[in-house]
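I opened my notebook to see how two chains are built and how they meet. Here is what I looked up, step by step.

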Amino acid sequence: MGAITFGISLVFYFCAMLFSLLDLLRSSKTVPKLMLTSAIIGFGFQTVYIFYKGFSLGHVPFVNPREATSFFAWCIFLLFFILAYRYKVGLLGSFITPMAFLLMFISFLLPSEIKPLSPMLRSEWLGVHTVFAFLANAAFAMAAGVGFMYLVQEHYVKSKHLGGLFSRLPSLHVLDEINYRLVTAGFPLFTVAIITGSIWADNAWGSYISWEPRQIWALVTWLIFGIVLHARLQRGWRGRRAAALSILGFLTIIGAFAGLALLQKGQHVFL
Amino acid sequence: MRVLVAGLNHKSADVEVREKLAFAGEKLEQGLSALLALPQVKEAMIISTCNRVEIYMGVDEPADATRQVKHFISSFHSIPEVLLDKALYFHTDSTAVRHIFRVASSLDSMVVGEPQILGQVKDSFLLALNKKTTGVLMNKLMKKAISVAKRVRTETRVAENAVSISFAAVELARKIFNDLGGKSVLLLGAGEMAELAARHLMNNGVNEIVVANRTFERGCELAQDFKGRAVPFSGFKDEMVHSDIVICSTGAPNYVVFKQDLHHIMKERKQRPVFLIDISVPRNVDPKINGLENVYLYDVDDLQGVVDSNRNERNKEAQKAEDIIGVEVEVFERWVASLQSIPTVVALRQKARCISEAELERLFNRTNLDEKQQGAVRQMASAIVNKLIHSPTAALKEDVEDRDQLIAMIRKLYDLNGD
């Protein structure tokens, strides 16, 4: 049941990605609809998968790299649907779905074995902490995707070559606005994730922070996005700089995620 | 019946001629009824816009009809026929069909791809429908023209890009600010082009216009036109802090706005984006400014470049549109051709039925058949008739090239021309 629903959602996400890339090649009315429909079906199956896993384990399933990565993709799709509904911007899917599918695919390649959770870590904080952390990361991932769209569109306007995707990409204002909204949404979510994580750590190990690599990286990420927000509000770092910084911030997250997952060290359950 | 169009457009006639021949207001209805009064004209519809006056008709004999229509136009508008010769064009059959398809798809417009023409075609058609001046042929033709135009619009990008400098400026402003509502425009200098661009921006939602002109009085006049305000030219740098779009055309021989100025202005604006349009030659804005973040500078050549590439794009798309139209014209022609044979088919059937009825009548009068027997004979007669005329009618309905010849031959063979 688990493997089947996961497989089906992977296939539909793959279709969504193909449609989104096709959308880049030529404008059409049906392709974006097909893309959104496949993504929604894939999302539905993945949601079933997550609940199934959760119930059979008795706790949230995001405790090994495979489940964590796929949940990351799930969060990105969730935010993508919200944004697509709220802003109706063209070509958003073409920049987001490939990233989300890639995460799903990586997840698919990772071992599915889940080690029993040590009793110390069994707590409500596990769910709260991970959900907040991944929603925040998804918001940052989207901010990076939208930031990339901004850089592409800005390049068209600055270089005065208005061919290619210029007419189909949203305006610079809208892209900057969405990027800003995503960072302002992601930052408090990330803050909550850090706080709940510390409380959980205190409950489990008796100290709020143990300076293991994962925690340090989290603080670095938090600092980067704090700077992004601060610079924007206080110094007017908008547009290109904000876009570039949010991409940098997201690369930091990915770097930490990948690096630490490979090292498999530390007390962080799956890392 | 055949399609005939008589008309003139922005290519064939100057505006002085076009306005004289326009069917405006009441003249349109009068014109339609006068047209139908012509012996040759069976169906009629008039499209009259500022760039074209065209009469679409269903006629029996295009050559005669052409003469009659020309005479009608000349007398209706009281213009000597000689003057019409240069301005008027006439198209018949497939050329006429292609023409209306191109007109509705905006391929024949002054600005190719402009969207108004389709609405004007629809309105003209609706009026003709209300006045019942169209029939099978025109109705089908106009419905087809509208659907072809829609197909062209969805399948090609012929209507997508801005093809004038002012429109290009508006398009760019939209891609920078998204919504122009609440944005403010500063006019540096009061040239004609600047005025035009400002007007376009206003039509697209900009609600504040500030004019800074060297001659303050002229600035005030222009500001009044726009319901904006004028500021002294010397104070334009302070004003730029609040302006999102700056249109520069001072006529100064050298740069007026420098990179250093804008650097300070951007700091004060907290980096809110600025769109500078420099339409002065020689340029008034230092091109290095485009290197600043959140500043977008376009000069006349840049805008012209945008327009040119858009126009190229449109022409490429227009070729695709022509291909679509070519296919659709063929489809329509086939339908018209099949329409042509219908009167012959009807006449043939009628003739056969008449003969058989008459013969049956004679037989029943001479003999003493009971009802059952009469029924049997009647059945046999109709079977013979049907079988005999089956092959000629089938041949008429077939899609053949020399249909006209076939029709003539069948009419002659069965002597259908007499009555």
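How many helices and strands does chain B have? I counted 15 helices and 10 strands in chain B. For the count, helices are DSSP runs of H or I with at least four residues, strands are runs of E with at least two, and both are numbered from the N terminus.

A note on the source: this is a predicted model, where local features need pLDDT of at least 70, side-chain atom pairs count only at pLDDT 80 or more, and totals for chains, interfaces and linings use all residues. Residues are numbered from 1 along each chain as its sequence is written, while chains are lettered from A and ligands numbered from 1 in the order in which they are written.

**Entry 1: chain A overall**

The globule rule is 2.2 Å times the number of residues to the power 0.38. I also noted that the C-alpha atoms of chain A fill a box of roughly 60 × 45 × 30 Å along the principal axes.

**Entry 2: two helices of chain A**

How do helix H1 (residues 2-25) and helix H2 (residues 30-57) of chain A cross? Their axes come within 8 Å and cross at roughly 160°. That makes H1(A) roughly antiparallel to H2(A). Axes are lines fitted to C-alpha atoms, for helices over the stretch in contact, with angles from 0 to 180 degrees between N-to-C directions. Angles over 145 degrees count as roughly antiparallel. The contact of H1(A) with H2(A) has 18 nonpolar, 7 polar and 2 charged residues. For these classes, Ala, Val, Leu, Ile, Met, Phe, Trp, Tyr, Cys and Pro are nonpolar, Asp, Glu, Lys and Arg are charged, and the others, Gly among them, are polar.

**Entry 3: domains of chain A**

I read off domain 1 (1-111) and domain 2 (122-271) in chain A; such bounds come from an automatic or database domain assignment. The C-alpha centres of these two domains of chain A lie 19 Å apart. Where they touch, 22 residues of domain 1 of chain A are in contact with 23 residues of domain 2 of chain A, contact being C-beta atoms, placed from the backbone, within 7 Å. On the domain 1 side, H3(A) gives the largest share, 10 residues. That side of domain 1 of chain A divides into 18 nonpolar, 4 polar and no charged residues.

**Entry 4: where the chains meet**

Next I looked between the chains: 15 residues of chain A are in contact with 18 residues of chain B. Helices H5 (124-159), H6 (172-205) and H8 (239-263) of chain A each give two or more residues to the side that touches chain B. By class, this side of chain A has 4 nonpolar, 6 polar and 5 charged residues.

**Entry 5: chain B overall**

Chain B has a radius of gyration of 33 Å, whereas a compact globule of 419 residues would have one near 22 Å. Its C-alpha atoms fill a box of roughly 115 × 45 × 35 Å along the principal axes. I noted domain 1 (2-155), domain 2 (165-307) and domain 3 (335-413) in chain B. The C-alpha centres of domain 1 and domain 3 of chain B lie 40 Å apart.

**Entry 6: two helices of chain B**

Which residues of H7(B) meet H13(B)? Among them are B:Lys140, B:Val148 and B:Glu155. On the H13(B) side, I found residues including B:Ala321, B:Phe332 and B:Trp335. By class, this contact of H7(B) with H13(B) has 7 nonpolar, no polar and 5 charged residues.

Key: Angles under 35 degrees count as roughly parallel, over 145 as roughly antiparallel, 65 to 115 as roughly perpendicular and the rest as oblique.
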